[in-house]
Amino acid sequence: MEGFFQFSQILWQLVSNPTNLLVVFVASLLGIGFGALPGLTATLGVALLTTLTYGFDVSTALLALLGLYVGAIYGGSYPSILINIPGTAAAAASALDGYPMSQRGEGAKALGLITSASAIGTFIGLLMLVFIAPFIASVALQFTSFEFFLLALFGILISGTLTGEGGAVKGWIMGMLGLFLATIGRDSLQFFPRFTFDQPALDSGLDIVAVLIGAYGIPQVIKVLSDTSEVKSKASASFDSMKQGFASVYVGVLEAFKYIKHVVRSALIGVGIGAVPGVGEDIAGWVSYSAAKKGSKNPETFGKGNAEGLVSAETANNACVGGAMIPLLTLGIPGSAPAAMLLGALILHGVNPGPTLTTERPDFLLEITAIMMLATFAMFINGTILAQRVAKLLTVPATLFMPLVAVLCVLGSYALGLNVFNIYVMLPFGILAYCLIEMKFPISPLVIGFILGPMADESLRRALLVTEGSLFPLLQRPLAIVLLLIIVVMVLSQVPLINRMFKKKKVVF
Amino acid sequence: MKHTSPYKQHLASLAAFVGLALGILFFRHTVIDGADEFPSRPISHVVVWSAGGGTDIANRVVSAEMAKLLGQTVNVTNRPGGVAGSLGMSYVSQRPADGYTWVGISESCVTAGVMGGWQERMDIWYPMIIGGSPSVISVSSESSINSLTDLIAQAKQRTINAAAGGSGSIHHLNLLAFERGVDAPFKFVPFPGSAPAQIAAVTQEVHVVITTLAEQQQLISAGKLKPLAMLNESEYAFSENLIIPSAFVDFPSLSEHLPVFQSIGMAISDDAPDEVKALLSEAFTQALQTPTVKTWADNNYFSLSGRTGDAAKEEFARLESLFTWTLNDMGVTKISPEALAIARPDASE
Amino acid sequence: MKKTTSSPDRFIAILLLIFAISSAMVASTYPINESWGGVASAWYVSPALLPLFISFCLFLLSITLFFRPSNSVWHDYFSGKASHKIWVICALVSFVYFLIPNIDFYLSSVLFLSLLVGRFHLVSDAVSKPLGFIYVVVCMFVLIALGLQHLLPLFASAPAPTLATNVADITDIIGVLGTAACIWVLHVHKVKVFLVCVWLPLLLVIGFRFLLLVPMPTEGSVILLLNEIFTQISSLFVGKGI
């Protein structure tokens with residue numbers, strides 16, 4: 001109780017300063033922009049704001065940084081829902097159901113839904129941070145190389161299973177191709193150049209943003225522009241629904257509470273995954289989405305604009321923020337890339353996150369909680385107001401909008417690495433991705449495979465290096481066994497070959 | 001209004017646009033800044049490692065102080081990528097040598113040449129060294145190993161897995177030097193960075209870890225890691241009841257191979273005008289004296305160096321020779337250090 | 001059944017099979033037992049481990065796909081007009097490989113945007129053709145300028161850097177003139193089109209170049225002009241120290 005009193009006091013101190021409020025709202029708005037634009041990431045945003053807020057005092061600077069971080073994770077879903085181009089890899093799972101919803105003319109409602117879902121997700125993550133941080137941190141520290149490998153494999157397989165139309169084979173093929181792309185460059189264990197063909201530009205591997213934009217952005221640009229007639233009818237359809245009133249954003253905001261079961265489950269998944277160092281928003285959405293699909297009475301509606309799927313994916317990736325803060329504040333280990341930048345910013349401001357924090361700055365955990373609460377609040381308000389304006393974008397004809405998206409894609413793939421080579425890689429890859437998508441190969445497993453590839457590769461080899469090639473120690477680790485079992489069950493339940501052979505007896509060979 | 005003279009309105013803006021653009025085009029070769037006093041416009045500071053890392057933070061802290069002293073804004077950006085920071089370094093080296101573009105580097109950058117990242121050596125820079133954190137060798141607090149002698153005795157009997165950052169990193173070099181000094185074999189297990197290497201030591205996936213004190217401080221104070229020894233000549237009073245001994249006490253032969261000290265710093269092109277170099281060195285030296293930087297260094301177990309000019313160049317030349325030849329001996333270099341005219345270090349003869 | 005034998009899935013499956021085998025062949029040349037990078041080596045730490053694993057999985061998966069293809073035919077997959085698709089792809093390719101490396105980023109975006117907007121948004125409009133014409137002309141001129149840059153040193157004795165600067169200036173002028181022509185063609189048009197093709201790229205460039213401090217791939221007349229303006233403005237606000 002005393003803690004709560006202290007907490008409200010800190011919160012009041014923060015709120016009573018108008019500068020703070022201004023800072024958090026502007027930062028959150030900026031964050032939504034960073035998330036929504038392909039190629040600009042939460043990490044880059046936090047890095048830029050760190051420089052800008054260097055002169056501020058700690059709490060104001062943190063308001064700005066966390067405001068941006070929370071906003072950016074949320075903002076990534078805007079383009080996934082509106083134009084099927086996820087702004088960040090984290091938002092890819094949101095596109096599965098979000099985009100069909102907006103094609104049905106429910107874009108505004110979908111935006112409303114994710115606003116609530118994200119806010120609640122962040123908030124639950126926050127509660128976990130306050131109450132059971134040490135417990136989660138100790139579980140997260142159970143992860144050794146074997147578990148990291150299994151987790152990576154799990155992430156790739158699950159996204160393949162979820163997105164493959166008519167069997168998981170095509171999804172898994174794409175996952176493997178993603179893994180292959182990840183092997184290009186010097187391997188991180190031994191520096192051996194793989195598939196670089198003596199090109200120095202390939203030594204550091206393919207740039208993640210280039211792959212992301214190539215996979216999602218370019219195919220969508222080609223598709224929408226070349227299917228002009230189809231698009232025009234779509235735009236007018238959503239325009240009609242828009243005319244029915246922008247109230248649908250609020251409908252969505254409120255409707256999210258109907259899915260509270262999904263929200264809570266997804267938030268817990270998000271916190272758990274966010275807390276594991278090195279794994280973050282990218283796979284949290286997928287895992288949570290699959291949990292929602294498994295638990296649903298009518299899983300066939302998933303991928304066709306099911307609000308449950310959207311809410312689950314979106315809640316989980318925002319809950320990751322709270323999860324990523326747990327090892328950061330308890331041990332000084334960042335749980336995700338933006339959190340790593342945040343660690344830098346904290347040190348820059350003379351705060352050393354970690355176990356000594358409670359003795360050096362006893363109020364700090366409460367302060368951060370208050371700050372994150374404000375950041376969530378700012379995101380919610382900004383999101384609700386912005387969603388209406390953004391939903392209007394759907395009324396802009398796609399033929400006018402998509403060329404601009406193409407320019408943004410090009411600039412975005414260049415901007416993070418400041419390397420023109422990234423654009424050169426991005427485009428042919430995008431064209432290839434377009435062809436594969438047209439042939440009903442899902443693209444998300446490829447991206448997930450690419451993101452998790454390095455982790456899978458080096459974790460497996462390192463684990464074997466430590467055990468000298470023996471797989472036996474794997475069976476002595478409870479966490480590894482659990483992960484392994486999940487994977488085996490998933491693969492067996494999804495093997496279409498076996499299923500169909502038994503069910504239909506309509507075998508070709 | 002809208003329909004009366006759209007042509008004329010646009011014609012004017014069109015003319016203005018073309019005029020301005022062509023104007024600036026023809027004058028741009030002469031417009032390059034005149035005799036303004038040195039920092040007359042914002043400085044851009046390019047850190048070659050990603051945001052939030054050790055090099056990034058050190059550079060940001062110091063350049064923020066330098067910005068105050070110079071009375072000019074310094075915009076810090078990160079340009080990681082390439083090989084050993086080669087992307088950022090080649091970008092800065094292609095900018096005009098006027099002192100308006102700084103580069104934030106660390107000791108690992110010296111390998112960019114031999115790893116095929118670029119065709120330059122470190123001597124194109126005028127470096128200023130901020131400093132580094134001393135290296136320490138630690139084990140998990142639950143480990144049965146309690147002292148350095150313990151560790152060496154065990155290493156001679158069974159395989160001891162050692163984590164020390166990535167292949168060819170400063171920590172890896174420390175491990176190699178340590179192995180030679182104590183004459184015992186370790187099995188090197190590479191990790192993509194210091195943080196995962198340390199976590200692996202905590203979870204006992206590996207037996208020992210070598211990283212810097214700054215990187216281990218939180219895990220040591222949390223009681224997750226047990227520091228065995230400092231890898232330099234002096235002991236370190238970590239806290240009131242924890243004094244980390246120097247490894248040199250029990251193994252004096254280490255002094256032939258160690259210390260290999262971390263060197264984080266910033267640099268400008270060596271072709272910059274002398275007065276710009278002098279002014280920046282002065283600002284740099286003063287910045288390291290400010291309370292902000294000092295407090296930051298103390299809190300983060302970071303020892304400040306402050307070397308500039310020839311002393312700093314010498315240090316980087318030494319590191320360059322040590323790193324490149326070690327990597328060459330491991331067989332991972334793309335270009336031999338000989339081809340870049342880098343001399344072999346004396347110690348390894 | 002005839003439908004299934006010609007399934008595009010089978011075609012892809014064969015491609016994947018070839019890919020899997022060739023990548024396995026490349027990977028098998030990687031060090032497997034010899035030490036590399038200071039790491040004591042064995043098969044299980046070899047850099048070839050994952051590529052071989054991937055090749056193996058792809059091999060199995062593509063065989064599965066070959067024998068169990070979906071019943072689709074090519075027409076189900078690539079719906080819509082092929083000419084449109086090729087058009088967009090050509091525009092993207094010329095923009096990325098041709099305009100961006102040679103012409104000021106703002107100018108090349110305006111050219112590219114007017115081309116696409118002209119072709120797909122103002123479809124039946126009279127401006128659609130002139131915009132395409134301008135784009136092609138600019139590309140041709142850039143090609144000639146680049147050709148000169150590579151051919152001239154063979155005949156003239158001018159030093160290469162001077163030549164490169166001159167060519168950069170020439171392509172810059174081409175860019176400015178081309179953009180001016182686009183603006184001229186577009187100016188009678190709706191405000192919206194003008195906004196998208198001319199003003200938004202300007203905002204984009206200003207935002208990235210001066211707020212996010214991202215130098216553009218090619219900085220020609222427009223960005224240098226903007227830079228000059230911003231330097232002058234910022235020097236008004238920043239005092240001097242030391």
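Colleague: How many helices and strands make up the secondary structure of chain B, and what counts as a helix or a strand?

Modeller: The secondary structure of chain B comes to 11 helices and 13 strands. A helix is a DSSP run of H or I with at least four residues, a strand a run of E with at least two, and both are numbered from the N terminus. This is a predicted model, in which local features need pLDDT of at least 70 and side-chain atom pairs count only at pLDDT 80 or more, while totals for chains, interfaces and linings use all residues. Residues are numbered from 1 along each chain as its sequence is written, and chains are lettered from A and ligands numbered from 1 in the order in which they are written.

Colleague: Happy with that! Why is Ala324(A) counted as buried?

Modeller: A residue is buried if 20 or more other C-beta atoms, placed from the backbone, lie within 10 Å of its own, exposed if 12 or fewer, and partly exposed in between. Ala324(A) has 33 C-beta neighbours inside 10 Å, so it counts as buried. Ala324(A) sits in helix α15 (residues 307-331) of chain A.

Colleague: Which residues is Ala324(A) in contact with, leaving aside its neighbours within four places in sequence?

Modeller: Contact is a matter of C-beta atoms, placed from the backbone, lying within 7 Å. By that test, Ala324(A) touches Gly274(A), Gly280(A), Pro334(A), Gly335(A), Ser336(A) and Ala339(A). Ala275(A) is 49 residues from Ala324(A) in sequence, yet 4.7 Å from it in space, C-alpha to C-alpha.

Colleague: Back to chain B. What percentage of its residues is buried, and which residues of helix α3 are?

Modeller: Buried residues account for 53% of the 349 residues in chain B. In helix α3 (residues 86-94) of chain B they are Ser86(B), Leu87(B), Gly88(B), Met89(B) and Val92(B). Their cover includes β1 (43-47) and β3 (101-105) of chain B.

Colleague: How is chain B divided into domains, and what makes the contact between them?

Modeller: The bounds come from an automatic or database domain assignment, giving domain 1 (43-131 + 262-330) and domain 2 (135-256) in chain B. Between these two domains of chain B, 12 residues of domain 1 are in contact with nine of domain 2. Helix α11 (residues 309-330) of chain B supplies the largest share of the domain 1 side, four residues.

Colleague: How many residues of chain C are in contact with chain A, and which helix gives the most?

Modeller: Here 58 residues of chain C are in contact with 49 residues of chain A. With 10 residues, α3(C) gives the most to the chain C side.
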